Amino acid sequence: MTMTTRVAAAAGAALLLGWPAAASAETTSAKLEARVKELEAALAGVKAELAARTDGSGPAIERIAPPAGPAAAGLPPERPRLTFGGYVKLDAAISNFQHADPAYGDLGRDFYLPGTIPIVGAGEGRKMDFNARQTRLWISGSLDLDGHKATARIEGDFQALPGNGDGRTTNPSDFALRRAYVTFDNWLFGQEWSNFQNVGALPETADYVGPTEGTVFSRQAQIRYTRGPFSLALENPETTVTPNGGGPRLMPDDSAVPDVTARFTLRRSFGELSVAGVGRRLSIRQGGLDSSTMGWGVSVSGRVAVGERDDVRFMLTGGDGIGRYVGLNFSNDAVVDAAGELEAIPLAAGFAAYRHVWRPGLRSSVIYSAQRVDNPRLMTGGAVNRSAQSVRTNLVWSPTRDLDLGAEYMIGERKLEGGSSGRLDRLQAFAKYAF
């Protein structure tokens, strides 16, 4: 139906609806025909005027002002581009603790947590644990803003909060925040891996962290600026303290100055090399104590290609007062001396991993990791952690790009300052599908 026909039909319908009921059929027909001709003539005039305005022979058409909103405020009207993903992972582990076993739900039964390896008690033999708590979900968005770029990401998993259930029925686990941040050009605001940590150097393992005792591992809220290979960040401060003579860990939460971290990363054809540093002010103000001291640390890490497909990954970290950053807080940052003052605790840690690719989709890694803490024993006592080490090897097969099937054998050991020790042997298999 043409535009003329639609207009004529609509006009005719309107006339019929308003026409007096007493009018004769002949009169109605004659008037309708006359009215349709008038409308056709008017429509022809409108078309001619529009043609004149658009071909440049008449005045320009007046544009209707857009409604107020994001565009009027100088913001882009489009919505951000959203993507989501994650993976589903099943872990099955057989663990043999030399001494008393951690209770069901203890994180030390889900992944290698050297600070929880039992030191005393009789071992109870092998234990098998199945769980899918490492399953991960994330959503991210990005938006281009007239030469600027903004992104955001929210990520979580079920690993750190097993829930209040048991292994009999539904095996519940709570969803926990991993990462949540927004970036604008070179700036990052939110929770992300610490700028003191190099995630790119971590080796492939079946375990949640892998070479835990030798790894800088921390996610926390921060403000970070990155320009090329350099990055600088102000990060959430937190001090962990050993009481004088030993005892349960103190977490005073009294820091008033953010941790400052800096990183330089060099990427070349051979791989990458990263050097990072952290400066801290450790503080405690509780129970009559009011003291602060400085802490610092340096970490060198990287990945170096060996041949066409193999690589070596490594990390070496040392410093004073950086215990909570290394080995999932295997050592505390500081100890209270006899005068009630804080003294930073030195440590050294690291790992080395060699990955060999047997053929496309099939590879293995051999990994050694260790940490040594230089405790001032007269202040800490003999019940604090002195050292931990582990060795592991694995085999991982990827029949498709998104599916990994693997198995890993690991031996870990923890020693106390007083000489007591404990050992963990674990065989772990896993299946992971990423989407």
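**Ground rules.** I am working with a predicted model, where local features need pLDDT of at least 70, side-chain atom pairs count only at pLDDT 80 or more, and totals for chains, interfaces and linings use all residues. I number residues from 1 along each chain as its sequence is written, and I use heavy atoms for side-chain values, leaving out hydrogens and water.

**The search.** Side chains of opposite charge can pair when their charged atoms come close. I looked for salt bridges (a side-chain nitrogen of Lys or Arg within 4 Å of a carboxyl oxygen of Asp or Glu). Searching the whole structure gave me 24 of them.

**Entry on arginine 133.** I found its side chain in a salt bridge with that of aspartate 110, at 2.6 Å from N to O. Arginine 133 sits in the loop between β2 (126-131) and β3 (136-145), and aspartate 110 in the loop between β1 (81-97) and β2, so this pair ties together parts 23 residues apart in sequence. The strands here are DSSP runs of E, at least two residues long, numbered from the N terminus. Buried or exposed, I wondered, are arginine 133 and aspartate 110? Both are buried (under 20% relative accessible area, while exposed means over 50%, with a 1.4 Å probe and protein chains only).

**Entry on arginine 267.** I saw that arginine 267 pairs with glutamate 272, their closest N and O atoms 3.5 Å apart. Arginine 267 is exposed, at 56% relative accessible area, whereas glutamate 272 is buried, at 7%.

**Entry on a network.** Next I noted that salt bridges with shared partners join Arg153, Glu155, Asp157, Arg178, Arg179 and Glu192 into one network. Within it, arginine 153 and glutamate 155 have their closest N and O atoms 2.9 Å apart, and both residues are buried.

Technical notes:
Helix = DSSP H or I, 4+ residues; strand = E, 2+ residues; numbered from the N terminus.
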